Amino acid sequence: MVKDAELHAEEDKKKEAVIRARNEADQMIYTTEKTLKEYGDKVSEEERKLINEKMEKLRGSLSSESAEVINQAKEELMTASHKLAEEIYRQASAAQTAQGAGAGQAAGADGGGAPKGDGAVDADFEVVDDDKNK
């Protein structure tokens, strides 16, 4: 039984690599589809078309028994979707900058720019050990 396991160890490693590659590819397809659905209008039609083509190629590679084929298709999709990620990041940065500028103006408008109370109270306290008082 041990010899049998040793004989098939290499084969098992290859199968594991294929399974791992398929799982990663499946997750990437799901994430890319979701991102494309939400933010696809932020990139050109040409970019969306390229991303969809690479996604279909990756889907097709899932039936392959070669981890290399799957990983290559996964890399191509990742490269194609970088433009979408860049646009999302750029817009998030712009929104954050605009939000920060708006908050600075609002703070200056109320006079001192002091933060409004958040309900926290600074208080002193004393630890009382009930066992010592007995």
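Colleague: What share of the contacts with a separation of 6 or more comes from residues 24 or more positions apart?

Modeller: A contact means heavy atoms within 4.5 Å. In this protein, residues 24 or more positions apart account for 67% of the contacts with a separation of 6 or more. Please bear in mind that this is a predicted model, in which local features need pLDDT of at least 70 and side-chain atom pairs count only at pLDDT 80 or more, while totals for chains, interfaces and linings use all residues. Residues are numbered from 1 along each chain as its sequence is written, and side-chain values use heavy atoms, with hydrogens and water left out.

Colleague: How many helices and strands does the protein have?

Modeller: Helices (H or I, at least four residues) and strands (E, at least two) are DSSP runs, numbered from the N terminus. The protein has 4 helices and 0 strands, and along the sequence the pattern reads α-α-α-α.

Colleague: At what angle do helix α2 and helix α3 pack?

Modeller: An axis is a line fitted to C-alpha atoms, for helices over the stretch in contact, and the angle runs from 0 to 180 degrees between N-to-C directions. Helix α2 spans residues 9-39 and helix α3 residues 45-61; they pack at about 155 degrees, with their axes 10 Å apart. Angles under 35 degrees count as roughly parallel, over 145 as roughly antiparallel, 65 to 115 as roughly perpendicular and the rest as oblique. α2 and α3 are therefore roughly antiparallel to each other.

Colleague: Which residues of α2 and α3 make the contact?

Modeller: From α2 come A25, M28, I29, T32, E33 and L36, and from α3 come R48, I51, N52, M55, L58 and R59. To sort them by class, Ala, Val, Leu, Ile, Met, Phe, Trp, Tyr, Cys and Pro count as nonpolar, Asp, Glu, Lys and Arg as charged, and the others, Gly among them, as polar. The contact of α2 with α3 then has 7 nonpolar, 2 polar and 3 charged residues.

Colleague: Is T32 buried or exposed?

Modeller: Buried means under 20% relative accessible area, exposed over 50%, and partly exposed in between (1.4 Å probe, protein chains only). T32, whose place is in helix α2, is buried, with a relative accessible area of 8%. Apart from residues up to four places away in sequence, T32 touches I51, M55 and L77. Buried residues make up 18% of the 134 residues in the protein.

Colleague: With which residues is L36 in contact, leaving aside its neighbours within four places in sequence?

Modeller: They are R48, I51, N52, M55 and L84. L36 is also found in helix α2 and counts as buried at 12% relative accessibility. For L36 and N52, 16 residues apart along the chain, the C-alpha atoms are separated by 9.0 Å.

Colleague: K74 has a charged side chain by the classes above. Is K74 buried or exposed?

Modeller: K74 is buried, with a relative accessible area of 10%. This residue is found in helix α4. Beyond its neighbours within four places in sequence, K74 is in contact with E24, A25, M28 and L58.

Colleague: How many salt bridges does the count come to?

Modeller: Side chains of opposite charge can pair when their charged atoms come close. A salt bridge is a side-chain nitrogen of Lys or Arg within 4 Å of a carboxyl oxygen of Asp or Glu. By this rule the count comes to 11 salt bridges.

Colleague: Which parts does the pair R22 and E65 tie together?

Modeller: In the salt bridge of R22 with E65, the closest N and O atoms are 3.0 Å apart. R22 lies in helix α2 and E65 in the loop between α3 and α4 (67-109), so the pair ties together parts that are 43 residues apart in sequence. R22 counts as partly exposed at 24% relative accessibility, whereas E65 counts as exposed at 64%.

Colleague: How many residues apart do E11 and K15 lie in helix α2?

Modeller: E11 and K15 lie 4 residues apart, about one turn of the helix. Their side chains meet in a salt bridge of 3.6 Å, N to O. E11 is partly exposed at 40% relative accessibility, and K15 is partly exposed at 48%.
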